[in-house]
Amino acid sequence: MSLFKSTKQTEYCPKCNHPLVIKRSKQGLFWGCSNYPACDYLKPLHQATHIIKTLDDTCPECGALLQVKQGSFGMFIGCSQYPECTFTVHEENDTVEEWDCPECRTHKLVERIGRSGKHFYACTGYPECKFTLPSKPIEKPCPQCHYPLVTKKKQRGKTVYVCANKLCKHIFTEEEN
């Protein structure tokens, strides 16, 4: 008989009610359903966000207290009852610039922040449209292919423009346009 009694109760998959088991991937350890591949439920082993402070304000959706949290995309305010309540408040920019997406022509390009904290521009129609740009787009037609967007770049001390068309990538200066 063991001297130590386990206090950990077995967790069960909310999708199929099979026990969850610890699995390993390139990104680290996680909980996965033991009924895989019939059930693909995953849950992080460790909480990805850290609670910095609990606020006196209450969540407008469920009435629980709000918390200041640090996540992989920076600080934000979220409900203390997460994951049952997913209310969050992110810092909003006063001026949001949008451009028409040149690929799908139905959605807009907006600024996003990647996992590493770098800013990039992507179509709001993701995952249907996967158009992205690494830097801020400028509405200026390319003189070679007439694509409507370019990006600005420094090259040998000069400012040049690079066509946003992945097939063209024509580099030109202000004088050439």
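Accessible areas here come from the Shrake-Rupley method with a 1.4 Å probe, and for residues only the protein chains shown count as cover. On that basis the protein exposes about 13,500 Å², and carbon and sulfur atoms supply 52% of this area.

The model is a predicted one: local features need pLDDT of at least 70, side-chain atom pairs count only at pLDDT 80 or more, and totals for chains, interfaces and linings use all residues. Residues are numbered from 1 along each chain as its sequence is written, and side-chain values use heavy atoms, with hydrogens and water left out.

**Whole chain**

Start with a cartoon view. It has zero helices and 15 strands; these are DSSP runs numbered from the N terminus, helices being H or I of at least four residues and strands E of at least two. Of the 177 residues, 28% count as buried, where buried means under 20% relative accessible area, exposed over 50% and partly exposed in between (1.4 Å probe, protein chains only). Next consider contacts, meaning heavy atoms within 4.5 Å. Among those between residues at least 6 apart in sequence, 18% join residues at least 24 apart.

**Stop 1: K15 and D40**

Select K15 and D40. They form a salt bridge, with the closest N and O atoms 2.9 Å apart. K15 sits in the segment before strand 1 (20-25), while D40 is in the loop between strand 2 (28-33) and strand 3 (42-44), so the pair links distant parts of the chain, 25 residues apart. A salt bridge is a side-chain nitrogen of Lys or Arg within 4 Å of a carboxyl oxygen of Asp or Glu. K15 is exposed, at 58% relative accessible area.

Stay in the segment before strand 1 and select N17, which lies there too. Its phi is positive, near 70 degrees, in a residue other than glycine. N17 is exposed, with 56% relative accessibility.

**Stop 2: Y36 and P37**

Move to the loop between strand 2 and strand 3, where P37 lies. The peptide bond joining Y36 and P37 is cis, with omega about 10 degrees.

**Stop 3**

Select D100 and K108, whose side chains meet in a salt bridge (2.6 Å, N to O). D100 is exposed at 51%, and K108 is partly exposed at 33%. Then pick R105, in the loop between strand 8 (99-100) and strand 9 (108-113). R105 is not a glycine, yet has a positive phi of about 60 degrees.

**Stop 4: Y126 and P127**

Finish at the loop between strand 10 (119-123) and strand 11 (132-133), which holds P127. The bond from Y126 to P127 is cis, with omega near 10 degrees.
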